[in-house]
Amino acid sequence: MNIKLLITILCFITLTAQAQLKLLPGMVIKSNNDTVYGTIEFKNDILIHTTCRFQLKGDTLFSEYTPYDIKSFQFLHGKSYESKLLSDGTPVFLERSGKK
């Protein structure tokens, strides 16, 4: 087999595997306190603090929310994040502790 063809195939497989989304059931609490259920893209610990990619149940499109757009989001059976402003004014999603 041609080495260039083999490298091309391996690169394609690697890129395809990285492009797959990890979607988990969850909910978004909008600014008006409406709760919307669907799926949320699970991201690494750094990216999850700046955006929430949400797919409404039964829909194929994603909405991307920032901390300015929603009050909070939560993975069902998992972590939840609230919109907060840091002391320097930067909007972020901070993980909500289990204590109220």
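Me: Phenylalanine 73, buried or exposed?

Reply: Phenylalanine 73 is buried, with a relative accessible area of 1%. Buried here is under 20% relative accessible area, exposed over 50% and partly exposed in between, using a 1.4 Å probe and protein chains only.

Me: What sort of model is this?

Reply: It is a predicted model, in which local features need pLDDT of at least 70 and side-chain atom pairs count only at pLDDT 80 or more, while totals for chains, interfaces and linings use all residues. Residues are numbered from 1 along each chain as its sequence is written, and side-chain values use heavy atoms, with hydrogens and water left out.

Me: And how many aromatic pairs are there?

Reply: Five. Rings of Phe, Tyr and Trp (its six-membered ring) pair with centres within 6.5 Å; planes under 30 degrees apart are stacked, over 60 edge-to-face, the rest tilted. Phenylalanine 75 is also buried, at 4%.

Me: Which residues form the aromatic cluster?

Reply: Phe42, Phe73, Phe75, Tyr81 and Phe93 make up one cluster.

Me: What does isoleucine 48 touch?

Reply: Leaving out residues up to four places away in sequence, isoleucine 48 touches Lys43, Phe73, Phe75, Tyr81 and Phe93; contact is heavy atoms within 4.5 Å.

Me: How many residues has the largest nonpolar core?

Reply: Twelve, among them Ile48, Phe73, Phe75, Tyr81 and Phe93. A core is a set of buried Ala, Val, Leu, Ile, Met, Phe, Trp, Tyr and Cys residues joined through side-chain atoms within 4.5 Å.

Me: Which strands supply at least two residues of this core?

Reply: E2 (35-41), E3 (52-56) and E5 (70-75). E5 gives the largest share, three residues. Strands are DSSP runs of at least two residues, numbered from the N terminus.

Me: Switching to the sheet: in what order do the strands come?

Reply: Seven strands form an open antiparallel sheet, E4-E3-E2-E1-E5-E6-E7. E4 (63-65) and E7 (91-95) are the edge strands, each pairing on one side only. Two strands pair if DSSP finds at least two bridges between them.

Me: Over how many bridges do E5 and E6 pair?

Reply: Three, with E6 at residues 80-85. Serine 72 stands opposite glutamate 82 in E6.

Me: Which ring does the charged end of lysine 22 sit over?

Reply: That of phenylalanine 42, 5.1 Å from its centre. The criterion is NZ of Lys or CZ of Arg within 6 Å of the ring centre and within 35 degrees of the ring normal. Arginine 53 lies over the face of phenylalanine 62, at 4.3 Å from the ring centre.

Terms used:
Helices (H or I, at least four residues) and strands (E, at least two) are DSSP runs, numbered from the N terminus.
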